Amino acid sequence: MKRASRLRWAMPCMVAVAVLASACSSTPQPKGVDVQGKTPVARYVGTLPCADCGSIRTDFTLYSEGDGRPAGFAMREFYLDPLDTKDGGRNFSRTGYWAMQQGMQGDPNAQVVQLDGDQPERERYFRKVDEGVLRLLDRNRAELPANLPRSLLRVPADVPPQ
């Protein structure tokens, strides 16, 4: 009798796990960029604001071709304060394209790093404050409020991700 009771409980759990696993595997993933063999230009690490969690620990590296043209970026994002997120603790890794542009709201001469310019829904802008700091801008290329975590610091490539 106990075995039948356990089976009745275990079967719905196995079905739920199978449904969740198939849903996750069928989620379309964004197209990536192969950065293998490309030259690392700079690596930046810091904490950025998050709409549905405490903040996002961001670590990304910009890569170039041998002639200096942008070749892509690789990014890891670690969502901090996982109890506040809708889906629990989340970590993402992705690659994409980057470009150096000029101009932002209030400063037409600012150097701006654009990530994912080929994907408007994922596009991000960072003002190059100096060689050691990138500062996140909003979608209109305007400064974020100073009370938000918004700066990434340049670190050597051999510093571990954590």
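F92 is partly exposed, with a relative accessible area of 40%, where partly exposed denotes values between the limits for buried (under 20% relative accessible area) and exposed (over 50%), computed with a 1.4 Å probe and protein chains only. In this predicted model, local features require pLDDT of at least 70 and side-chain atom pairs count only at pLDDT 80 or more, whereas totals for chains, interfaces and linings use all residues. Residues are numbered from 1 along each chain as its sequence is written, and side-chain values use heavy atoms, with hydrogens and water left out.

The structure contains four aromatic pairs; rings of Phe, Tyr and Trp (its six-membered ring) pair if their centres lie within 6.5 Å, and planes under 30 degrees apart count as stacked, over 60 as edge-to-face and the rest as tilted. One of the pairs, F60 with F126, is tilted, at 5.5 Å centre to centre and 45 degrees between the planes. This pair links distant parts of the chain, since F60 belongs to strand β2 (residues 55–64) and F126 to strand β7 (residues 124–130), 66 residues apart. Both F60 and F126 are buried. Y79 and F92 form an edge-to-face pair, with 5.6 Å between centres and 80 degrees between planes. Because Y79 lies in strand β3 (residues 70–80) and F92 in strand β4 (residues 91–96), the pair ties together parts that are 13 residues apart in sequence. Y79 counts as buried at 16% relative accessibility. Ring pairs also join Y44, F60, F73 and F126 into a cluster.

The chain comprises one helix and nine strands, assigned as DSSP runs (helices H or I, at least four residues; strands E, at least two) and numbered from the N terminus.
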